[in-house]
Amino acid sequence: MAVIGLGLIGGSLAKACKSRGLVATVVGADARAGDLAQGLAAGVIDEAASIRDAVTGADLVVVAVPVKATRAVLEQVRPWLHADALLTDVGSTKVSFVQAVAAVFGQVGPKVIPGHPIAGSERSGIQAATGDLFDRHKVILTPQAHTDSDGLAKLTRLWEGCGATVLTMTAAYHDEVLAATSHLPHLIAFSLVDTLAGEDQNMDIFRYAAGGFRDFTRIAASDPVMWHDIFLSNRQAVLRVIDHFNADLQQLRTAIATEDGARLLKVFTRAKAAREHFSKMLSGQSYVTDMNQKQVTFHMQPGGRVSGDIRVPGDKSMSHRSIMLGALADGVTEVTGFLEGEDSLATIQAFRDMGVTIEGPDKGQVRIHGVGIDGLAAPRGPIYLGNSGTGMRLFAGLLAAQAFDSELTGDASLTSRPMNRVASPLRAMGAVIDTAEGGRPPLKISGGQKLTGIHYDMPVASAQVKSCLLLAGLYAEGMTSVTEPAPTRDHTERMLAGFGCHVHRDGATASVTGGSRLTATTIDVPADISSAAFFMVAATIAPDSELTLRHVGMNPTRVGIINILRLMGADIEVSNERDMGGEPVADLTVRSAQLKGIEIPEDQVPLAIDEFPVLFIAAACAEGETVLRGAEELRVKESDRIQVMADGLATLGVTTTVTPDGIVIPGGQTIGGGRVHSHSDHRIAMSFAVASLRATGHIEINDCANVATSFPDFVELAKRTGFQIREDVSGS
Ligand code: S3P
């Protein structure tokens, strides 16, 4: 390997490759004889040479000089570069490298693979080089369509050997991303320090400068020559983001000048929330693309009795809807009991991205400064909804009617879920929506369409589809009506009424007429019956148990879990029934009971649709056989919940028979120990945690990070009520 330029990056790469034995020989070349000698003396390189000698016979040539010096160095490399040798670089701009190669070589051959390790530091030079600079950092490679795939694989392995994670993208995209995330912040830091240094009282200003100034301007100590090169090489992309930043800064200036506190609050809360949202993604590194870095494993010791008096977190369905309707209302909506889970937080973030000021959540309290039915602003980029199917389907309806274009994306599980069920009827209303193959996300929605009300007979009983169409119907001309094949949760209808918008109900048909406005209100979100379900089954199957669950939402379209458990013989006492803003609420006391197997009535399936994973655990503990039919929808939830549960149960020694639309579970089987995969599905993970109460051995449940999507306090509450649970968290 020839490394030309032994600065911080070149030196560190040489050192990492040499010390980890990734290449046979590292030959260094540098115009600065002193640095070259220092590199040799410090063991960073094996040999010091001229460019000519370093490149001759090298299999890999790494150009690690300041961006503006690249072309001159490439001129010196060209005569000696072997036809089979890989040529790469480490510069911060990639289009300029491609252009320099094309100018010098007449083309960009398949062995040229531009690279950029995102691992700089404000320190520079060979003396700062370390062999672990790239550990847990990202390296972006920008191959072309004709790039040699073996060469790309080799270079990828080399960087991975240095501890880095390799991403690929086009050179142009790289330059856009880096202009925003790296180049602009450096420019602002240089500029701010320079501005203050030019003030008359500069010594005083610096003397009194506090931590904020130090943190913010640390990068102004970076290498001036390198940054001068970067800005001149990435001019167009940098100019675009400077203009954008200037315009936003100007708006803040105006807000201060005109004492527009609301505008300041809006920008600051949005920025604070965005920073928190993205710090998960940043996780201490410079650039990350996926969110699920964290590996969470539950370790369950067998047995235990369940007792106590608890309130599980707020209802997920209502939490999403409270934000959506609050954002579209006129006035300020106050929400209490909001679920601070990742799914509903993603909904908050989405509205912030569309210009809505939302304060909180703070211990379940949220204040939404509604912008009115036509007040949403275009988001700057795709809206990321994480794991949330409800989010994506409801947003599809709402965004189909907006004046602006939008794109909805999510994590791997959400990306595999069917979206034609909403895209098709929305298209019938006049929406223009593109999906990926097979109707999967991302959804690309073209704004500015005029929607017209339709009547839709839903082929599947889905509250998400119904709600999506009702939301679109708020904007459509005329009436939009939806008939459901079986009753599904009606939170959208109830909550719309609370915002002053009447939803007409005629048997199985719900309808709205477009053109009405929503008026802000207050919403008390009850505890989620779907989260309470885990504890209902837990207290039922664990011996000598008695548990009280407070303030549980008892909407008749959600109580299938109670109906089914009671049919199986559960002891569930309902008390203190009351109405909270249009939604029934009650306290539940659950005591241990010997369950019996049943044929689950099909009309209960949509009313307990999210509770089947834990009901399967109850069935395994029952006497006799439990049969579920008419539940094919379970196969397209966060995972294929029929198969994934059957697989997990099989691991624990419980035999079941899977059918296309359900499962048969013979009861009275011994639940053993073992390692179960939750397939990143929150409800699968929590169901097997419940199974441990009756298991005979230790159960390890993998991939539990997504429990935080719906039940952030699960482990804490499980421990408090008697589960023997330990959580292992690894990764960042
Ligand atoms: C939900 C509806 C249900 C449910 C989901 C939440 C909602 O999905 O499974 O967890 O909030 O509308 P389907 O509409 O797909 O049945």
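Analyst: Two strands count as paired if DSSP finds at least two bridges between them. Helices (H or I, at least four residues) and strands (E, at least two) are DSSP runs, numbered from the N terminus. This is a predicted model, in which local features need pLDDT of at least 70 and side-chain atom pairs pLDDT 80 or more, while totals for chains, interfaces and linings use all residues. Residues are numbered from 1 along each chain as its sequence is written, and side-chain values use heavy atoms, without hydrogens and water.

User: What makes β30 and β31 a pair?

Analyst: Four bridges join β30 to β31 (residues 699–702). At least two are needed, so the two strands pair. They run parallel. In one of the bridges, H677 has N702 of β31 as its partner.

User: Why is β30 called an edge strand?

Analyst: The sheet is open, with four strands in the order β30-β31-β10-β32 and mixed pairing. β30 (674–677) and β32 (725–730) each pair on one side only, which makes them the edges. Neighbouring strands are turned by 20° against each other on average, direction ignored.

User: What makes α24 a helix that packs on this sheet?

Analyst: Contact means heavy atoms within 4.5 Å. Helix α24 (residues 682–691) touches β10 (295–300), β30 and β31. Its direction makes about 175° with that of β31. Such angles run from 0 to 180 degrees between N-to-C directions, with axes fitted to C-alpha atoms, for helices over the stretch in contact.

User: Why is α13 called mostly covered?

Analyst: Buried means under 20% relative accessible area, exposed over 50%, partly exposed in between (1.4 Å probe, protein chains only). In α13, 13 of its 13 residues are buried.

User: What makes R136 and D544 stand out in phi?

Analyst: Most residues other than glycine have a negative phi. Phi of R136 is near 60°, and D544 has about 55°. R136 sits in the loop between β7 (115–118) and β8 (138–141). D544 is in the loop between α20 (529–541) and β24 (546–553).

User: Are these two residues buried or exposed?

Analyst: R136 has a relative accessible area of 53%, so it is exposed. D544 has 61%, so it is exposed too.
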